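I opened this notebook to record what I looked up in the structure.

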Amino acid sequence: MTDLPSPDPLKLMLENNVQWATEVEAADPGFFKRSAEGQEPHTLWIGCSDSRVPESVITKSRPGDIFVHRNVANQVLLHDSNAISVLDYAVNNLGVENVIVVGHSKCGGVTASLQAVQTGILPDLSPALNQWLAPLIQFISTLAIPRVLDPLPFVIETCVKKQVENVCETETMKRVFKEGQSPKGKKVRVHGWIHELETGHLRDLNISRGPP
């Protein structure tokens, strides 16, 4: 029996896009025309680049709902102009009301960083990745890691909490907190969540910062 050729993933993506756009327009005529006129997202999502954590899919959100910044291990580094410029634009220009740092279980970046701390050996990765993970490795090295069979969940949660602190330490958020609102007149809160790959569920760490 001859094996059937595997479908071309890029062709399938394009075909699925046509189907999706047709269904959206049928359900909400004029949606794309309105969307093209501007965006008013309610949330900035700072997440991991992991392909298993697509923010719009796992929250059933529509185009225009969520402004997004993603990188390896969902880091917010104060010297990273990429992340800081996204935060600045989302808060000061788009008027988002929520900034959410979202980590996830089984995170490869956190796993590699934790192993580096435990073994004293840098991950066998590219120079660029090792440089990117260096601040995370340094932070994890300061933690009192519990003596449990699998400390990874604790480290992932603690890293999300650290990134929430970093968001709050940016000039953008310090100014918003001091003035009580963003230039768009919005109160802005910062949150930390975890996405559990094993269940598909999001979990609020209840560490929100900002006005009530």
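**Entry 1: a helix pair**

I looked up helix α6 (residues 127–140) and helix α7 (residues 152–168), whose axes come within 11 Å and cross at roughly 110 degrees. α6 is therefore roughly perpendicular to α7 (angles of 65 to 115 degrees count as such). The axes are lines fitted to C-alpha atoms over the stretch in contact, and angles run from 0 to 180 degrees between N-to-C directions. I noted that α6 passes α7 in a right-handed crossing, in which the near helix is turned clockwise from the far one by less than a right angle.

From α6, Leu136, Phe139 and Ile140 make the contact, and from α7, Val155, Thr158, Cys159, Lys162 and Gln163 (contact means heavy atoms within 4.5 Å). By class, I recorded 5 nonpolar, 2 polar and 1 charged residues in this contact.

**Entry 2: basis of the values**

The model is predicted, with local features needing pLDDT of at least 70 and side-chain atom pairs pLDDT 80 or more, whereas totals for chains, interfaces and linings use all residues. Residues are numbered from 1 along each chain as its sequence is written, and side-chain values use heavy atoms, without hydrogens and water.

**Entry 3: the whole chain**

I found 8 helices and 5 strands in the protein chain (DSSP runs of H or I, at least four residues, and of E, at least two). From the N terminus, their order is α-α-β-α-β-α-β-α-α-α-α-β-β. Along the principal axes, the C-alpha atoms fill a box of roughly 70 × 55 × 30 Å. Of the 212 residues, 37% count as buried (under 20% relative accessible area, 1.4 Å probe, protein chains only).

Methods
Angles under 35 degrees count as roughly parallel, over 145 as roughly antiparallel, 65 to 115 as roughly perpendicular and the rest as oblique. Ala, Val, Leu, Ile, Met, Phe, Trp, Tyr, Cys and Pro count as nonpolar, Asp, Glu, Lys and Arg as charged, and the others, Gly among them, as polar. Buried means under 20% relative accessible area, exposed over 50%, partly exposed in between (1.4 Å probe, protein chains only).
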